[in-house]
Amino acid sequence: MARKRVIAVMGATGAQGGGLVRAILADRSSEWTPRAVTRHPDSDKGQALRAAGAEVVAGDMDDPQSLERAFAGAEAAYCVTNYWEHSDPDREIRQARAQANAVKATNLGYAIWSTLEDTRDSVPLTDPRMPTLLGRFKVPHFDTKGESDAFFVDSGVPVTLYRTSFYWENLIYFGMGPRRGQDGALAFMLPIGQSKLPGIGAEDIGKCAYGLLKQHEEFGGRTVGVAGEHLTGAEMAEGLGRTLGESVRYVPIPAAAYRELGFPGADDLGNMFQYNDEFSAEFCAMRSVELSRSLNPALQSFDNWLAANGARIQIQ
C-alpha cells in the first residue's frame, strides 16, 4: 500500500482544523493523512483524534520551534489562528508569522492559510464612518489575518489564502440567535440592513479545505473564499422561523447600536457587520457558493444546517 502524504493541521481540535481532519479520515481512498497539531496531544480531544486514525503531535502557536518540529516531514499544512481565544491582535499576528515561518523552514509543497480581508484597505484608519479600534484596526479579527497574508506569500511556498464566512454556529455559541421581546414575539437582529451576508456551517469549512488540498496544484497561489449561501437578514429570519415553528421578524439595527451592546467584542463585531453591509457585493463575490460546492459536493444550505442544528439554538 502506497505511503500516504501528510498534511499538518493546526487547530485540529477546533472547528476548522477539526473539520479538515474529519473530512480526510472519512475518505478511505484519500492519498492524504492528517497530522493533528495541538497544544495538548494527550487531552480527551487529542486522544479522540488519535482513536479516529489521525497522527497527533504537540505544537503551540506561541512556540515557533514546536511548529517546525510538528511540520517536519509533512508535505502540506493547514494554518489557522483563533483571535477570540485571547482577543490580542499582536499575539494573533505573532502566531500567524510563526506558522508561516514554519511552512518556509520545513519547505512544504503547499499551505492553506485561513484568513480574512484587511478592512483597512477599504476603510482607512482616517475614515470616520466606523471607529478605529485598539489604535490601528477597524475590524481587529479581520485585519490581523489580512495583515498576516504577506508572511505566507513571502514564504515562497505555494499557498492558498482561504477566506471563510460567517459561521452559522454563531447563532448557537455567540448569542446571535433570535430574541423574544416583551410582546412574546421573536426578533432576529443584525446590523446588515438589507444586504446579503455570506454564511457557512463550520464543518463545511474543513470539507472545502480538503477540496483545495486535493486540487492544490490548481489553487496554490490563489485567494479563494467559501460560503454555503448568501442570505439577507430577512431570509435568515424566515429560515429560523420555519425551524423554530413560529414567526421570526428581522430587525435591522444600526451598527453603532450594535457596538454599544456591551458584550466582549461588540465593537469589533459591530464594525465587521458594517463592513459586510457596506461592501456586501465585493464580500459576496469573493465567496462563490458554486466554487464552494465544487470543492465540497455535500455543502450545506442554511436550511440544511438548520435541520441538523436548529434544536441547539437558544432563544435569548
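## Close-ups of a predicted model

**View 1. Strand β9, a mostly buried strand.** Four of the five residues in strand β9 (residues 186-190) are buried, so the rest of the structure largely encloses this strand. "Buried" here means under 20% relative accessible area, with exposed being over 50% and partly exposed in between (1.4 Å probe, protein chains only). Keep in mind that this is a predicted model, where local features need pLDDT of at least 70, side-chain atom pairs count only at pLDDT 80 or more, and totals for chains, interfaces and linings use all residues. Residues are numbered from 1 along each chain as its sequence is written, and side-chain values use heavy atoms, with hydrogens and water left out. Helices (H or I, at least four residues) and strands (E, at least two) are DSSP runs, numbered from the N terminus.

**View 2. The partners of β9.** Strands of a sheet pair through backbone hydrogen bonds, either parallel or antiparallel. Two strands count as paired if DSSP finds at least two bridges between them. Strand β8 (residues 179-180) runs antiparallel to β9, joined by two bridges, and Arg179 sits opposite Ala187 of β9. Five residues lie between the strands of this β8 and β9 hairpin, and Gly184 takes a positive phi near 90°. With strand β13 (residues 248-252), β9 pairs in the parallel sense over five bridges; look for Phe188 opposite Tyr250 in β13.

View 3. β7 pairs with strand β10 (residues 196-200) in the parallel sense, over two bridges, and Phe166 faces Gly199 in β10. Contact means heavy atoms within 4.5 Å.

**View 4. Helices α3 and α4 crossing.** The axes of α3 (residues 64-71) and α4 (residues 89-105) come within 9 Å and cross at roughly 40°. Axes are lines fitted to C-alpha atoms, for helices over the stretch in contact, and angles run from 0 to 180 degrees between N-to-C directions. That makes α3 and α4 oblique to each other: under 35 degrees would be roughly parallel, over 145 roughly antiparallel, 65 to 115 roughly perpendicular, and the rest is oblique. Where they meet, Pro64, Leu67, Glu68 and Phe71 in α3 touch Ala98, Gln99, Ala102, Val103 and Ala105 in α4.
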